[in-house]
Amino acid sequence: MTRSDTPPSEDERAYLTTFLDYTRETAASKCEGLSDEGARTAPLPASPLMTVAGIISHLRWVEHYWFEAVFLGEEDRAPWTPEDPDREMRVGLDVPLEELVAEYRAHAERHRRLVADHGLDAVAKRPVRDGRHVTLRWILMHLIEETARHNGHLDAIRELVDGTTGV
């Protein structure tokens, strides 16, 4: 994968959006050449939902939650429930990997436009768990952290599943 984490300009928005895009594309690149069977393989016995497919599904729904449900205040359509808080990882196992990645990228494109249309200091419509209304800047930073952390999981899982290592 070619490095794409150098922003086109030296401003905060460019840094945040460039790094989020870079971590997104890194996640998608971890799926290249992996079979659907491999994407559903859970190599860690204590973590049966930690699969490539499950993580990609999780990342897609996490972005939905933060951008659409929290920031815009829209309905939370994510598949998780109080009884099954990791359901987004489970439902990812029923979708072909190519489709999961395409859906993740399509939602990322929608979220890029959303971010472009709002200032970084814009405040979320819904509060987070502690009652605060975070800014779009905070959401972008959180999603960079979330996606980067899961990229580490994707690296390890991919190596365990088929021996492929990343750069």
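Which residues in α3 meet which residues in α5? The legends below refer to a predicted model.

**View 1. Packing of helix α3 (residues 52–71) against helix α5 (residues 97–116).** The two helices pack at an angle of about 25°, and their axes are 10 Å apart. Because angles under 35 degrees count as roughly parallel, α3 is described as roughly parallel to α5. The crossing of α3 past α5 is left-handed.

**View 2. Residues at the contact of α3 with α5.** From α3, the residues taking part are Val52, Ala53, Ile56, Ser57, Leu59, Arg60, Glu63, His64, Phe67, Glu68 and Phe71. They meet Leu97, Leu100, Val101, Glu103, Tyr104, His107, Ala108, Arg110, His111, Leu114 and Val115 of α5. Sorted by class, this contact of α3 with α5 comprises 13 nonpolar, 4 polar and 5 charged residues.

View 3. Val115 has a relative accessible area of 3% and is buried. Apart from neighbours within four places in sequence, the residues in contact with Val115 are Arg13, Thr17, Phe67, Leu136 and Leu140. Of these, Phe67 belongs to the α3 residues that meet α5. Arg13 is 102 residues from Val115 along the chain, and their C-alpha atoms are separated by 9.1 Å.

View 4. After α6 comes Gly163, with a positive phi near 85°.

Technical notes
Residues numbered from 1 in each chain as written. Predicted model: local features only at pLDDT ≥ 70, side-chain atom pairs only at ≥ 80, totals over all residues. Heavy atoms only, no water. Axes fitted to C-alpha atoms, helices over the stretch in contact; angles between N-to-C directions. Helix = DSSP H or I, 4+ residues; strand = E, 2+ residues; numbered from the N terminus. Parallel < 35°, antiparallel > 145°, perpendicular 65-115°, else oblique. Left-handed = near helix turned anticlockwise from the far one by under 90°. Contact = heavy atoms within 4.5 Å. Nonpolar A, V, L, I, M, F, W, Y, C, P; charged D, E, K, R; others polar. Buried < 20%, exposed > 50% of the residue type's maximum accessible area, 1.4 Å probe, protein only.
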